[in-house]
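Visitor: I have a structure to read. Please show me how to go through it.

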Amino acid sequence: MVSIIIATHGKLAEGLLDSLELITVMKDNIRTLSLERLMDVTRNGKILKNTVMEMDYVTGVIVFT
């Protein structure tokens with residue numbers, strides 16, 4: 001099963017995940033990443049890269065941004 005990362009500015013990712021959980025059973029293979037105000041964009045990029053590598057244990061990763 002493919003893994004999913006939802007990466008957004010602010011809290012949008014958490015809201016999308018909440019809605020997604022209402023209509024699907026996919027939970028273990030979904031992560032959210034939020035770029036918050038005053039966060040270092042470069043550091044956030046490294047976190048995203050590490051999360052993709054960590055979650056790519058099945059058939060790939062889809063990143064929604």
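Guide: Start with a loop. L38 sits in the loop between β2 and α2. Helices (H or I, at least four residues) and strands (E, at least two) are DSSP runs, numbered from the N terminus. The model is predicted: local features need pLDDT of at least 70, side-chain atom pairs count only at pLDDT 80 or more, and totals for chains, interfaces and linings use all residues. Residues are numbered from 1 along each chain as its sequence is written, and side-chain values use heavy atoms, leaving out hydrogens and water.

Visitor: Is L38 buried or exposed?

Guide: Buried means under 20% relative accessible area, exposed over 50%, partly exposed in between (1.4 Å probe, protein chains only). L38 is exposed, at 85%. Its phi is near 70°, a positive value in a residue other than glycine.

Visitor: In what order do the strands of the sheet come?

Guide: Two strands pair if DSSP finds at least two bridges between them. Here three strands make an open sheet, ordered β2-β1-β3, with parallel pairing. β2 (30–35) and β3 (61–64) are the edge strands, each pairing on one side only.

Visitor: How many bridges join β1 to β3?

Guide: Four bridges link β1 (residues 3–9) to β3. I5 stands opposite V63 in β3.

Visitor: Which strands does helix α1 touch?

Guide: Contact means heavy atoms within 4.5 Å. Helix α1 (residues 12–23) packs on the sheet and touches β1 and β2. For directions, axes are lines fitted to C-alpha atoms, for helices over the stretch in contact; angles run from 0 to 180 degrees between N-to-C directions. α1 makes about 155° with β2.

Visitor: Where does helix α2 lie?

Guide: Helix α2 (residues 41–55) lies across β1, β2 and β3. It runs at about 175° to β2.
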